[in-house]
Amino acid sequence: MNPFDIHDKVALVTGGTRGLGRAISLHLAGQGARVLAGYFQNDQAAETSREEAASRGYSYEVIKANLMIPTGIQALVDHVASHGGRLDLLVHNAATGVHKPLQALSQRHLSVVWQVNVGAFFELATKLRPLMPSGSRIIAISSEGARKGVLDYGSVGSSKAALEALCRQMAVEWAPGGISVNVVAPGLLETDTLKVWQDAESRVRQEVEATPLNRLVRLEEVARVVHFLASPASEGIVGQTLLVDGGKSIAAFKP
C-alpha cells in the first residue's frame, strides 16, 4: 500500500479558492481526493479555481459560505452531510485579519478575526466530527505570528496562537477515536496578504535575508506538507505544529 495515498478521500478546505488554500485544494485534488473548497465572497477566483480543476479532470467543488455567521458554518456541514455523509479531511485555511497597531484595534476587530480564525474552526470541527471515520485528519493553517511578535499583526497572531492551542487540545481528546489533529505554520508567502502591507517589499526582503533557503517558501511546498499530514504516512504525528519556513526559525545567523 502507498502510505501517501489519499485517493477518494473527501476533503473540505476552507478558504480553498485563493492563495495558499487554492494551492492546497488543487494539490489534494490532483492526488485523487474529492475536494470541497469553501470560499466567502470572491466568485471570480472560485470559478477560476473550479475551471482549472475541471480542465485537469479533478473531483473539485466550490462552496460559498460565510464563516462569520452560524448559518454559513452550518451550510458547509449540511453540504458534507448531504454529499455522502463522510469527511476524511478538514483543512482550516480560511482567515481574516485587521492589520493595525494594538492601540488602533477595537474589541469588535478582535471578535471578527477570532471568529473566522478560531471560532469557525471550532464549530466546523466539532460539528463535522461525527462524519469523520477513524483515520481522518484535521489540519489547521497557522503562521509565524502565533509564536513571535509581528508588526501590525496582533489580531491575527493572537488568534493563530489560540488556534494552535485548540488543536493540541483536540489532538489529545480525539486521537483515541482515530482522528489526528495537527497544524502547519508556513513562513511568509507570496499571496494577496502582502497587498495589505505598505512595507511588503521590505518584509519580503527581510524574510529572504533571514532564511537559509535564500527565498520565500513556495505555496506548493506547503501544500505537499498538508498532503503528507492528510495521508496514512503521518499516523504517528499527533498534535504537532510543523513549521514550513525554509529554516528561518532555527537560523541564529545566515551562512
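Mentor: When a lining is sorted by class, Ala, Val, Leu, Ile, Met, Phe, Trp, Tyr, Cys and Pro count as nonpolar, Asp, Glu, Lys and Arg as charged, and the others, Gly among them, as polar. The model above is a predicted one, in which local features need pLDDT of at least 70 and side-chain atom pairs count only at pLDDT 80 or more, while totals for chains, interfaces and linings use all residues. Residues are numbered from 1 along each chain as its sequence is written, and side-chain values use heavy atoms, with hydrogens and water left out.

Trainee: How much space lies in the largest pocket?

Mentor: Rolling a probe the size of a water molecule over the atoms shows where empty space is left. On a 1 Å grid over the protein atoms alone, a pocket is an open set of points with protein on both sides within 12 Å along at least five of seven lines, a cavity is a set where a 1.4 Å probe fits but cannot get out, and lining residues have an atom within 4 Å of a point. Points are joined across faces, edges and corners, and a volume is the space filled by probe spheres set on them. Here the largest pocket holds about 1500 Å³. It is lined by 49 residues, of which Asn 93, Ala 95, Thr 96, Thr 191 and Thr 193 are the closest to its centre.

Trainee: Which elements give two or more residues to that lining, and how does the lining divide by class?

Mentor: Taking helices (H or I, at least four residues) and strands (E, at least two) as DSSP runs numbered from the N terminus, the contributors of two or more residues to the largest pocket are helix 1 (19–30), strand 2 (34–39), helix 5 (154–174) and helix 6 (200–210). By class, this lining has 21 nonpolar, 21 polar and 7 charged residues.

Trainee: What is the volume of the second largest pocket, and which helix gives the most to its lining?

Mentor: The second largest pocket has a volume of about 190 Å³, and among its 14 lining residues Gly 19, Arg 22, Ala 23, Leu 26 and Leu 219 lie closest to the centre. At least two lining residues come from each of helix 1, helix 2 (43–55) and helix 7 (219–230), with helix 1 giving the most, 5 residues. The lining comprises 5 nonpolar, 3 polar and 6 charged residues.
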